[in-house]
Amino acid sequence: MFEISPEFYYVIIGYFIMVAAIGLWAGKNNKTSESHLTAGRSIGALVGGAALAATQMSAGTFVGTMGVHYLTGASYIWFWPGLWAGWIVSAVWVAPKFQKFKGVTVPEYIEVRYNSKTAKVIAAVLIIVAYSVYLIAQYVAGGIVMQTIFGIPMFWGAFITIAVTMVYTLKGGMKATAYSDFVQALIMAGCFLAAIPLLFSQAGGFNFVGNFLTDLDSSLTGWHYGFKDLIGFGAAFGFSMAIAPYELARLYTLKNTKTVRLAIGFSFVFQVIVALAVTLGGLGMRSLFPVLQTGDSASSIMAINVLPPIVGALLMVAILASIMSTVSGVLIVSSSGISHDIFGVLKPNATDAQKMKLNRIAVVILAFIPLFFSLRPFDMVQFIVMAQASMVASFFFAIVLFGLNWKRASTAGALSAMIGGVITVLIWLFVLDKPYDINEVIPGVLVSTILLIVVSLFTKPVPKESLEPFFGKQPENLK
């Protein structure tokens with residue numbers, strides 16, 4: 001527990017009030033469940049790009065990634081090209097078609113494209129499970145941050161983070177999430193960009209930090225991770241980012257397909273700034289504090305003990321913002337899976353008011369279930385995030401990418417791909433214990449893709465009506 005100036009508390013409390021106010025403002029026009037979940041399809045490229053970046057840059061980035069750099073050095077930065085490759089795949093082959101579909105939820109795409117309510121429900125369940133794992137990482141990070149600031153137990157730190165996030169998520173829906181994410185992305189990129197020169201000034205300059213780390217452990221400035229490790233990290237994030245449900249759901253909020261590509265371009269600007277900043281931040285903190293108890297606390301200690309009070313407070317707000325933006329996006333996607341996808345199948349004649357009520361109940365339930373698991377001992381935040389990314393990619397990459405670009409993908413192919421991909425990841429992790437030290441996402445996506453192609457070629461194709469929203473009018477003699 002470090003000495004904390006009053007400015008810290010003023011800035012952080014002011015931030016909490018601001019995001020709550022955004023939620024109340026955004027919720028005024030949410031008259032239907034569709035407007036609640038799609039922001040009335042009114043979001044432009046700049047706000048949309050900031051929202052895409054803020055959702056992606058979660059606790060895994062500002063707490064987890066910086067913590068990994070603190071412990072292992074510079075080589076971990078090479079996972080970013082893999083993640084950005086996923087964004088490029090999305091911009092070229094996924095995002096424009098997905099936005100043009102004008103759906104409400106991500107599993108709704110599965111239902112329409114593969115002509116199957118069963119596939120829709122399975123997709124919704126898998127998303128809820130995977131993102132519950134993801135929320136655990138966010139809660140652990142939120143607990144660490146709040147514990148560092150206020151000296152309170154991790155449980156209450158995570159609880160406060162959840163409570164404030166739920167206020168604007170419940171009231172404002174996707175519109176509140178988009179606009180709060182815009183503000184949060186500006187804070188994230190701006191604060192970390194300003195903080196790094198101050199950090200290295202305190203640490204003695206770039207040359208001193210580099211020489212100190214090399215003397216401490218040459219792998220910190222060399223190659224702690226090998227080529228195979230970095231390929232695995234990049235693949236896990238790249239495959240999942242190309243089709244991440246919480247990012248795909250954002251596409252429904254954008255105005256048109258041109259806005260989609262511009263938004264992805266803007267998101268790159270934010271991500272490049274943050275990628276460089278968290279790498280340098282982890283290295284600078286290792287030179288100043290060589291023996292922290294956990295690397296995940298490096299960003300919080302930097303804000304409190306290294307930077308001037310106002311800059312440090314804003315940096316801490318940036319870390320909280322990264323956690324809250326992701327939690328909000330995940331809660332909306334997961335709760336809509338219950339209220340619109342699963343409940344919509346079980347009760348087809350449900351009214352819009354019933355769906356809205358269930359959606360809000362689901363937000364509360366899904367917010368607090370992972371809290372229990374976050375109190376148990378877990379690996380570093382970044383590796384929880386990576387496990388979730390591998391799981392999502394294993395059941396979703398093939399059926400989204402091929403489904404939007406290959407007409408022959410069938411219902412049976414999609415079902416087998418989802419189930420086979422998840423089973424492969426679980427076996428690879430928990431039964432085979434990662435043979436040959438190959439990241440689980442690679443066999444998971446490979447098996448899922450093979451199953452989709454092979455099973456689709458030997459089973460009945462979907463009706464042409466299911467293809468028209470994605471491929472246009474189909475000829476009558478389509479086989």
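Below are some exercises on helix span, bending and packing.

The model is predicted, with local features needing pLDDT of at least 70 and side-chain atom pairs pLDDT 80 or more, while totals for chains, interfaces and linings use all residues. Residues are numbered from 1 along each chain as its sequence is written, and side-chain values use heavy atoms, leaving out hydrogens and water.

**Exercise 1. Compare the end-to-end span of α8 with that of a straight helix, and find where α8 bends.**

Step 1. Helix α8 covers residues 154-203, 50 residues in total; helices here are DSSP runs of H or I, at least four residues, numbered from the N terminus.
Step 2. A straight helix would reach 74 Å at 1.5 Å a residue (the expected span is 1.5 Å times one less than the number of residues).
Step 3. The end C-alpha atoms of α8 are only 29 Å apart, so they fall short of that.
Step 4. Look at G172: α8 bends there by about 125° (the bend is the angle between axes fitted to the seven residues ending at a residue and the seven starting there).
Step 5. Just past the helix, G204 has a positive phi of about 105°.

**Exercise 2. How do α7 and α8 pack, and which residues make the contact?**

Step 1. Helix α7 (residues 117-150) packs on α8 at an angle of about 110°, the axes being 7 Å apart. Axes are lines fitted to C-alpha atoms over the stretch in contact, with angles running from 0 to 180 degrees between N-to-C directions.
Step 2. That makes α7 roughly perpendicular to α8 (under 35 degrees is roughly parallel, over 145 roughly antiparallel, 65 to 115 roughly perpendicular, the rest oblique).
Step 3. On the α7 side, the contact residues include Y139, I144 and M146; among those in α8 are M154, I160 and I162 (contact means heavy atoms within 4.5 Å).
Step 4. Sort this contact by class and you get eight nonpolar, five polar and no charged residues. Ala, Val, Leu, Ile, Met, Phe, Trp, Tyr, Cys and Pro count as nonpolar, Asp, Glu, Lys and Arg as charged, and the others, Gly among them, as polar.

**Exercise 3. Work out how α17 is oriented against α18.**

Step 1. Helices α17 (residues 411-431) and α18 (residues 441-457) pack at about 155°, with axes 8 Å apart.
Step 2. So α17 is roughly antiparallel to α18.
Step 3. In α17, G420, G421 and W428 are among the contact residues, and α18 brings in others including G444, V447 and L451.
Step 4. The class tally for α17 with α18 is 10 nonpolar, eight polar and no charged residues.

Definitions and conventions: Helix = DSSP H or I, 4+ residues; strand = E, 2+ residues; numbered from the N terminus.
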